[in-house]
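Biologist: I have not looked at this one before. Can you put it up so we can go through the charged pairs and the backbone?

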Amino acid sequence: MAIAKDFKFIGRLCLDFAQTGDMGWGAKYERLTSPAELQRWLSLSSLQLPAVRVELEDLRLAKMLRCAIWKVAEAVLADQTPRSRDIRLINANACQPNLVRELDAKAISMRWRKPTAAAVFATIAQDAVVLFGDPHQRARLRRCEHPRCRIIFYDDSRPGLRRWCASNRCGDRMRARMYRDRKKS
């Protein structure tokens, strides 16, 4: 079972979702090990969906979508054309009905209206379509510069110069390493 710190949330829904896989490191890094873990991710993610019912088939579909998003992101970063089957899978999910918000009876808060796993996948896929399809957003796709990190993130900083997936994780480690290297020489 994955623990809470196994889930990394760095600000872009489709990329946060893509980070739940092995990212090329191997199966031991798989975070969505059961429908319950997918449910836990949904509750911890920016969607905050603690009550969506997740079945084994939903987990299989989630992993397929996640893999397609990851492969397209890697292809974009490598300035290569993504595989057409990955694009078709993202598009097929994105065309389905997305999550919809509604106001409560007093119009002071909102909630998701009848959320389903399929609507969640459609919402995640739609975020991927916007990220990969908009040239300005696609240009802000980055890979963490820490040599032992494979995370792909969306650089939402104002100047667009972010180098690490998280300043307080990889950024701190790299700055400390550079400091030690400077002190040695």
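Modeller: Start with helix α3, where E57 and R60 sit three residues apart, about one turn of the helix. Keep in mind that this is a predicted model.

Biologist: What do the side chains of E57 and R60 do?

Modeller: They meet in a salt bridge, with 2.6 Å from N to O.

Biologist: Is E57 buried, exposed or partly exposed, and which of these is R60?

Modeller: E57 is partly exposed, at 40% relative accessibility. R60 is also partly exposed, at 43%.

Biologist: How many salt bridges turn up in the whole structure?

Modeller: A search finds 10. One of them joins R66 and E30, whose side chains come to 2.8 Å, N to O.

Biologist: Where do R66 and E30 lie?

Modeller: R66 is in helix α3, which covers residues 56-77, while E30 is in the loop between α1 (13-18) and α2 (35-44). The pair therefore ties together parts that are 36 residues apart in sequence.

Biologist: And why does R66 count as buried?

Modeller: Because its relative accessible area is 8%, and buried means under 20%.

Biologist: Which residue does E55 pair with?

Modeller: E55 forms a salt bridge with R53, and their closest N and O atoms are 2.5 Å apart. E55 is partly exposed, with 35% relative accessibility. R53 is exposed, at 67%.

Biologist: Which residues are linked in a network of salt bridges?

Modeller: E102, R111 and R113 are linked that way.

Biologist: Where is D79, then, and is it buried or exposed?

Modeller: D79 is in the loop between α3 and α4, the latter being residues 84-94. D79 counts as exposed, at 74% relative accessibility.

Biologist: What about phi at K114?

Modeller: K114 has a positive phi too, near 45°, and K114 is a residue other than glycine.

Biologist: Where does K114 lie?

Modeller: In the loop between β2 (110-112) and α5 (117-133).

Biologist: Buried or exposed, for K114?

Modeller: K114 is exposed, with a relative accessible area of 66%.

Conventions:
Residues numbered from 1 in each chain as written. Predicted model: local features only at pLDDT ≥ 70, side-chain atom pairs only at ≥ 80, totals over all residues. Heavy atoms only, no water. Salt bridge = Lys/Arg side-chain N within 4 Å of Asp/Glu carboxyl O. Helix = DSSP H or I, 4+ residues; strand = E, 2+ residues; numbered from the N terminus. Buried < 20%, exposed > 50% of the residue type's maximum accessible area, 1.4 Å probe, protein only.
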